[in-house]
Amino acid sequence: MIITVPTKPYSDQKPGTSGLRKKVPHFQQENYAENFIQSIFDSLEDFKGKTLVIGGDGRFYNREVIQKAIKMAAANGFGRVLVGQGGILSTPAASNVIRKYKAFGGIILSASHNPGGPTEDFGIKYNIGNGGPAPEKITDAIYANSKTITSYKTVDAPDINLDQVGNFDLGEMHVDVIDPVADYAALMEQLFDFNAIRNMFSLGFRMVFDAMSAVTGPYAKEILENRLGAAEGTVRNFTPLPDFGGHHPDPNLVHAKELYDEMMGHDAPDFGAASDGDGDRNLIIGQGIFVTPSDSLAILAANASLAPGYSNGIAGIARSMPTSAAADRVAEKLKIGIYETPTGWKFFGNLLDAGKVTICGEESAGTGSSHVREKDGLWAVLLWLNVLAARGESVQEIVRQHWAAFGRNYYSRHDYEEVDADAANGLMDALRASLPTLPGTKIGALTVEKADDFAYHDPVDHSESRKQGVRVLFAGGSRVVFRLSGTGTSGATLRVYIERYEPDSSRHGIETQEALADLIAAAEELAQIRSRTGRDTPSVIT
Ligand code: G16
């Protein structure tokens with residue numbers, strides 16, 4: 001019953017920062033998803049008879065592609081597929097299942113924080129046996145295969161019933177439909193002091209978690225309300241919807257504005273948090289204070305040993321280059337390694353596998369640890385809860401004390417979305433061309449000390465990744481970074497990352513955009529954003 005279906009290649013299946021992301025109608029083109037999945041399988045070796053994990057964030061088209069992927073896995077010779085009930089597995093839960101059951105790898109269907117629905121976004125990515133996103137060597141091979149593919153293999157069989165936990169046979173292959181939450185919740189119980197957190201809730205600690213009608217709903221309900229005793233109603237928007245209720249499931253200050261406003265208002269709960277479409281990003285807000293992802297990484301790293309899973313300390317910290325240097329100061333104090341990688345969680349995998357780092361984070365609302373090989377939204381929320389329970393202080397107190405001890409890295413990201421791709425590339429080319437002449441240049445009161453295009457040499461496999469973002473570093477430790485997003489699905493998104501280090505605690509109460517005003521002006525002068533993109537203001541400021 002294995003059938004070989006002739007197909008023609010598509011030229012645009014190059015995986016981006018995190019897999020292939022396109023609009024749903026694009027994925028619905030004839031054989032588009034099948035071509036990409038076959039190209040993944042054709043890039044892998046020695047998987048016959050082995051296990052593949054399949055799951056997704058429940059967005060529109062998830063179920064259809066899961067059925068295709070299961071049948072293609074059977075035809076290509078996998079021995080077993082583990083698939084989440086309802087086709088659901090959050091990205092960190094999928095990473096955990098791959099690791100726990102020693103699977104060969106996994107296919108995760110998600111476009112993360114991008115909107116979902118019949119005309120919105122969809123995505124497919126492949127994770128390797130360590131549970132993490134495939135490294136560039138594999139994504140390059142997938143792209144190469146997608147350009148020459150002539151056929152794909154599938155089986156002629158009815159769809160698997162995804163709605164019930166159970167076992168099925170599909171030809172020679174076994175399919176296990178598994179509870180998507182159980183293994184993940186068990187892992188969280190091992191890492192954190194559930195008794196202390198439960199006790200904090202029982203004493204009246206109030207929290208709001210916005211699951212944004214996306215995949216973390218069932219995980220957060222089970223862990224926060226059922227196991228930790230948070231009041232019913234703590235978890236909002238907990239039913240995963242194929243279109244996320246028409247919202248962007250992006251936990252930032254724009255798309256989680258209601259939560260932000262509530263946390264800034266009178267009688268705010270003690271703690272507010274949210275996660276994204278596929279459950280790997282997080283938003284952390286205390287009463288009257290938003291914690292930037294870069295600060296959250298630094299604070300979690302500094303306090304991790306309060307949680308049982310990290311009580312022996314952490315081996316090192318890794319952050320993506322555009323993430324602020326707040327974590328570097330923690331690493332210095334703890335006398336542990338700090339690694340600066342390109343944007344993309346895949347770059348942390350080698351460092352984690354080699355035991356060089358325990359905690360990783362990115363400015364793009366991602367934090368995680370060696371427990372899986374993906375960033376993990378709910379993990380970050382639980383580590384915060386563990387720290388709050390252990391210290392008995394508010395988020396605001398913990399953040400302010402951290403700044404007083406380490407200095408404050410004022411930080412903001414300005415995004416210009418859906419910019420004309422040629423204009424965005426022209427802007428980056430011009431910046432790159434100006435690099436040699438920038439050092440010594442004065443812009444207002446700022447002097448450029450160094451300027452480069454970030455390149456990464458992986459200390460474990462010695463691979464090189466070039467052109468990962470233009471950095472302009474100013475005397476005194478401030479900087480602006482420019483790069484184009486690798487996750488957008490229409491036009492180009494220019495990201496401008498702005499950072500100033502302020503050691504003086506009497507100057508830690510300034511509004512962020514105000515504290516960064518001269519750097520924001522310098523970014524405009526350096527890149528000519530207005531004239532090149534035709535935009536007066538960023539589309540999103542975080
Ligand atoms: C993905 C990657 C992250 C990256 C983020 C933003 O996150 O996994 O490592 O930081 O995209 O990338 P870019 O700046 O290229 O858009 P997610 O949550 O979308 O999977």
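**Cavities, pockets and the ligand site**

By the rule applied to this predicted model, the count of cavities of 30 Å³ or more comes to three.

User: In which cavity does the ligand sit?
Analyst: A molecule is assigned to a cavity if more than half of its atoms lie within 2 Å of the grid points of that cavity. By this criterion, the ligand is placed in the largest cavity.

User: What is the volume of the largest cavity, and which residues lie nearest its centre?
Analyst: The volume of the largest cavity is about 240 Å³. Its lining consists of 25 residues. Those nearest the centre are Thr17, Arg281, Ser364, Lys375 and Thr487.

User: How many residues in the lining of the largest cavity are charged?
Analyst: The lining of the largest cavity has three nonpolar residues and 10 polar ones. The charged class in this lining numbers 12.

User: How many residues surround the ligand, and which are the closest?
Analyst: A shell of 19 residues surrounds the ligand. By class, this shell has one nonpolar, 10 polar and eight charged residues. The closest to the ligand are Glu362, Arg483, Ser485, Gly486 and Thr487.

User: Which elements give two or more residues to the lining of the second largest cavity?
Analyst: The second largest cavity holds about 100 Å³ of space. It is lined by 13 residues, and the closest to its centre are Gly19, Lys125, Tyr126, Ala134 and Thr139. The elements that contribute two or more of the lining residues are β6 (121-127) and α5 (136-146).

User: How many of the residues lining the second largest cavity are nonpolar?
Analyst: The charged residues in the lining of the second largest cavity number two, and the polar residues five. The nonpolar residues number six.

User: Which element supplies the largest share of the lining of the largest pocket?
Analyst: The largest pocket has a volume of about 1,000 Å³. Its lining comprises 33 residues, with Gly16, Thr17, Leu484, Ser485 and Gly486 closest to the centre. At least two lining residues come from each of β2 (20-23), α5, α15 (421-434), β25 (479-484) and β26 (492-502). The largest share, four residues, belongs to α15.

User: How many residues in the lining of the largest pocket are polar?
Analyst: Six residues in the lining of the largest pocket are nonpolar and 11 are charged. The polar residues number 16.

User: Which element gives the largest share of the lining of the second largest pocket?
Analyst: The volume of the second largest pocket is about 750 Å³. Among its 37 lining residues, Leu253, Phe290, Thr292, Thr512 and Thr542 are closest to the centre. Elements that give two or more residues include α9 (257-264), α10 (293-303) and β19 (408-419). The largest share, six residues, is supplied by β19.

Note on methods:
Residues are numbered from 1 along each chain as its sequence is written. This is a predicted model: local features need pLDDT of at least 70, side-chain atom pairs count only at pLDDT 80 or more; totals for chains, interfaces and linings use all residues. Side-chain values use heavy atoms; hydrogens and water are left out. A residue is near a molecule or strand if one of its heavy atoms lies within 4 Å of it. On a 1 Å grid over the protein atoms alone, a cavity is a set of points where a 1.4 Å probe fits but cannot get out, and a pocket is an open set with protein on both sides within 12 Å along at least five of seven lines; lining residues have an atom within 4 Å of a point. Ala, Val, Leu, Ile, Met, Phe, Trp, Tyr, Cys and Pro count as nonpolar, Asp, Glu, Lys and Arg as charged, and the others, Gly among them, as polar. Grid points are joined across faces, edges and corners, and a volume is the space filled by probe spheres set on the points.
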